[in-house]
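Here is a short briefing for a reader new to this structure. Please look over the sequence and the model, then read the points below.

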Amino acid sequence: MDRKEFFKTSLFGAAALAAAGTGLTACAPSDKKKRSQVKLNLSFQEKIAPGETLAERLDFMENLGIVGFEPSGKNLVSRVDEIKSALSGRNIKVSAICAGFQGFILAEDEQKELFDTTMREIVAAAGELGSVGVIMVPAFSRQAPCKPHTQETRDYLCEQLHDLGEYALQCGTTVILEPLNRKEAFYMRLVADAAAIARDSRSEGVKCMGDFWHMQEETSDYGALMSAGTKYLQHVHMASRGRRLMPGEDGELDVYTDGFRALKEMGYDKYVSFECGTKGERAETVTAAVNLLREQWELA
Ligand code: MG
């Protein structure tokens, strides 16, 4: 082989290798590109941002690029106009509505009726505000008298949720089941539990969520969120993982990349909303937390 022929062969080889390389790695870059297009839509509950008034808090949020606002369901009916006008002209939308109803769905006494009435009022207001859904827990451990934890009760819960979910759909929103940890609510502890109850309720209006604080009982953040997938996962709550403060305040414990990778892979397009306190200067800890989450989102 002379020098000229050697180059020809080598070039052909290199071209063939390059072509093969493109074929072999075609999936990875496009998946990566798809993942990088998934946005981190951050949301705050009402008392997260510093400020005396709602307008001041929303100004702070807007400056940080926060796009969601999660008010409590308490007194929501009388606040619909106030919230609508406070958000008008801003790049912030109502994300989820956090509970706020009275009574509970698994109550064995008149608290069930109280739940039915107040929850439906909040769901209607949530629909008017364009919310992704109203967060609820079937029963906290401290709530009594509560139906026993049996198959019959689970069937009853799914039937009741079916009706509530269908009502929420008529209002243009959903109800979102929030699993907690065992100290707070024995009834539903894992994201997969909540997703399975949502599925068995047989209503598109019944969804679930994950809360990085309560998810301490999960064996895998990735597995937990993936078990719900976009079919059921409608909201996510965020906090530090040791003391439920701003992400970053618990130092090395505050790693969210495993869960974020699941959200990016599934193409999650709803909100990640802050539900936590702080031990520091609020303006500083909130800003640092937002920066930390954005960095980890990029890495995930
Ligand atoms: Mg929560």
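Helices (H or I, at least four residues) and strands (E, at least two) are DSSP runs, numbered from the N terminus. This is a predicted model, in which local features need pLDDT of at least 70 and side-chain atom pairs count only at pLDDT 80 or more, while totals for chains, interfaces and linings use all residues. Residues are numbered from 1 along each chain as its sequence is written, and side-chain values use heavy atoms, with hydrogens and water left out.

**A buried lysine**

- K264 is part of helix α9, which covers residues 257-266.
- K264 is buried, a term for under 20% relative accessible area, against over 50% for exposed and in between for partly exposed (1.4 Å probe, protein chains only).
- K264 has no salt bridge, meaning a side-chain nitrogen of Lys or Arg within 4 Å of a carboxyl oxygen of Asp or Glu.
- The nearest side chain of opposite charge, E298, is 5.4 Å away from K264; Lys and Arg count as positive and Asp and Glu as negative, while His and the chain ends are not counted.
- A polar atom of the K264 side chain lies 3.1 Å from the backbone oxygen of A300.
- Leaving aside residues up to four places away in sequence, K264 touches R35, V38, W297, E298 and A300, where contact means heavy atoms within 4.5 Å.

**The magnesium site**

- Four residues coordinate the magnesium ion at 2.0 to 2.2 Å: E178 (OE), D211 (OD), H237 (ND1) and E275 (OE).
- Donors are N, O and S atoms within 2.8 Å of the metal (3.2 Å for Na, K and Ca); water is not among the atoms, so sites may look incomplete.
- Along the sequence, the spacing of the donor residues is E-x32-D-x25-H-x37-E.
- H237, in strand β8 (residues 233-238), and E275, in the loop between β9 (272-274) and α10 (282-299), are 38 residues apart and link distant parts of the chain.
- H237 counts as buried because its relative accessibility is 0%.
- E275 is buried too, with a relative accessible area of 14%.

**Backbone exceptions**

- Most residues other than glycine have a negative phi, and most peptide bonds are trans.
- The peptide bond from A144 to P145 is cis, with omega near -5°, and P145 sits in the loop between β5 (133-136) and α6 (151-170).
- A99 is not a glycine, yet has a positive phi of about 40°; A99 lies in the loop between β4 (96-98) and α5 (111-128).
- At 22% relative accessibility, A99 is partly exposed.
- R202, also not a glycine, has a positive phi of about 50° and belongs to the loop between α7 (191-200) and β7 (206-211).
- R202 is exposed, at 63% relative accessibility.

Definitions and conventions
A polar contact is a pair of N or O atoms within 3.5 Å; within protein, one must be able to donate a hydrogen and the other to accept it, and residues adjacent in sequence count only if both atoms are side-chain atoms.
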